[in-house]
Amino acid sequence: EIRTPMNGILGMAELLSNSEINDRQRDFVSVINSSASALLTIINDILDFSKIEAGAFEMDPVPFDLKSSINDVTSLLRSTAQEKDLELIINYPSDLPKNFIGDAGRLRQVITNLVGNAVKFTETGHITIDVGIQPSRDMVVCTIDVKDTGIGIPSDRLDRLFKSFSQVDASTTRQYGGTGLGLVISKKLSEMMGGKMWVESEVGVGSTFNFTIAASISPKN
């Protein structure tokens, strides 16, 4: 029920922005919309984190197209990247299978979080998404690497990334916002999908967030 009133605010703000209002009023509506969107993101993070901690988070395996899922995420974030003149690149080798069985919704959530962070913390350059598939017994291990040319993270602060309600430092929180839960949730989701998550980074050069999931290959391939 917490999400419902926030969606109502966002919906009414959108309707108001499409009505006959002046430029000053439109600026006010824009602030309402962006603030409500940010608050809804925080609410979603806290609710997801609470479910995971309570052991009430369940996976929902369904057939899905991995390449299409990645394309869906980049389509949503492409306009934000273009505003910063950033290029989003997907490296999905043509000889890899595309159809799997797994929790497509949670997979997209993890990819969205990592690519969204990459766009947020990158001012120039590009974000690359590399995909790899390795057989593992009766399943496969899907590896997805999200590499950016952003601000990077000091090596002595990498351990803070996957701690609840933690940011790299206070200035990062002030400048970029967020709860510090996004990466924690993403790491836990990857583990719940039979994989893991880790990061490599260099200050001023960029970061690479890597994660894996275990999935069954769909007969559709």
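**Chat: a residue, some helices, some pairs**

Student: Let's start with Ser69. Which helix does it lie in?

Tutor: Ser69 lies in helix α3. Keep in mind that this is a predicted model.

Student: Is Ser69 buried or exposed?

Tutor: Ser69 is buried, because its relative accessibility is 3% and the cut-off for buried is under 20%.

Student: What is Ser69 in contact with, leaving aside neighbours within four places in sequence?

Tutor: Phe64 and Arg108. Phe64 comes up again, in an aromatic pair with Phe100.

Student: How many aromatic pairs does a search of the whole structure find?

Tutor: One. Phe64 and Phe100 form it, with 6.2 Å from centre to centre and 40° between the planes. The pair counts as tilted.

Student: Where do Phe64 and Phe100 sit in the chain?

Tutor: Phe64 is in strand β1, residues 62-65, and Phe100 is in strand β3, residues 99-102. They are 36 residues apart, and the pair links distant parts of the chain.

Student: Phe64 first: buried or exposed?

Tutor: Buried, with a relative accessible area of 7%. Phe100 is buried as well, at 0% relative accessibility.

Student: New topic. How many salt bridges does a search of the whole structure find?

Tutor: Three. One of them joins the side chains of Glu53 and Lys188, at 3.7 Å from N to O. Glu53 is in helix α2, residues 23-53, and Lys188 is in helix α6, residues 182-192. That pair links parts of the chain 135 residues apart.

Student: Is Glu53 buried or exposed?

Tutor: Exposed, at 51% relative accessibility. The cut-off for exposed is over 50%. Lys188 is partly exposed, with a relative accessible area of 27%.

Student: Next pair. Which side chain does Lys84 meet in a salt bridge?

Tutor: The side chain of Glu123, at 3.4 Å from N to O. Lys84 lies in the loop between α3 (66-83) and β2 (87-91). Glu123 lies in the loop between α4 (104-120) and β4 (126-136). So the pair ties together parts that are 39 residues apart in sequence. Lys84 is partly exposed at 22% relative accessibility, and Glu123 is partly exposed with a relative accessible area of 44%.

Student: And Glu191, which side chain does it meet in a salt bridge?

Tutor: Lys187, at 2.6 Å from N to O. Both are in helix α6, four residues apart, so about one helical turn separates them. Glu191 is partly exposed at 39% relative accessibility. Lys187 is partly exposed at 24%.

Student: Why does a spacing of three or four places matter in a helix?

Tutor: An α-helix has 3.6 residues a turn, so residues with that spacing point the same way.

Student: Now α1. Which of its residues are buried?

Tutor: Met6, Leu10 and Ala13. Seen down the axis of α1, the buried residues fall within an arc of 65°, so they line one face of the helix.

Student: Which residues are exposed on the other side of α1?

Tutor: Thr4, Met12 and Leu15. As for the buried residues of α1, what covers them includes α2.

Student: How far apart are the end C-alpha atoms of α1?

Tutor: They are 21 Å apart. The helix has 15 residues, residues 3-17, and should span 21 Å at 1.5 Å a residue, so the two agree.

Student: How far does α4 reach from its first C-alpha to its last?

Tutor: It reaches 24 Å with 17 residues, close to the expected 24 Å. Its buried residues include Leu107, Val110, Ile111, Leu114 and Asn117.

Student: What reaches the backbone nitrogen of Gly105 at the start of α4?

Tutor: A side-chain oxygen of Asp103, to within 3.3 Å.

Student: Last one, Met139. Which strand is it found in?

Tutor: Strand β5, residues 139-148. Met139 is partly exposed at 31% relative accessibility. Leaving aside neighbours within four places in sequence, Met139 is in contact with Ala214, Ala215 and Ser216.

Student: What separates the C-alpha atoms of Met139 and Ala215?

Tutor: 5.7 Å, although the two residues are 76 apart along the chain.

Terms used. Residues numbered from 1 in each chain as written. Predicted model: local features only at pLDDT ≥ 70, side-chain atom pairs only at ≥ 80, totals over all residues. Heavy atoms only, no water. Salt bridge = Lys/Arg side-chain N within 4 Å of Asp/Glu carboxyl O. Helix = DSSP H or I, 4+ residues; strand = E, 2+ residues; numbered from the N terminus. Buried < 20%, exposed > 50% of the residue type's maximum accessible area, 1.4 Å probe, protein only. Expected span 1.5 Å × (residues − 1). Arc of directions from axis to C-beta. Contact = heavy atoms within 4.5 Å. Polar contact = N/O pair within 3.5 Å; in protein donor to acceptor, adjacent residues only side chain to side chain. Phe/Tyr/Trp six-rings, centres within 6.5 Å; stacked < 30°, edge-to-face > 60°.
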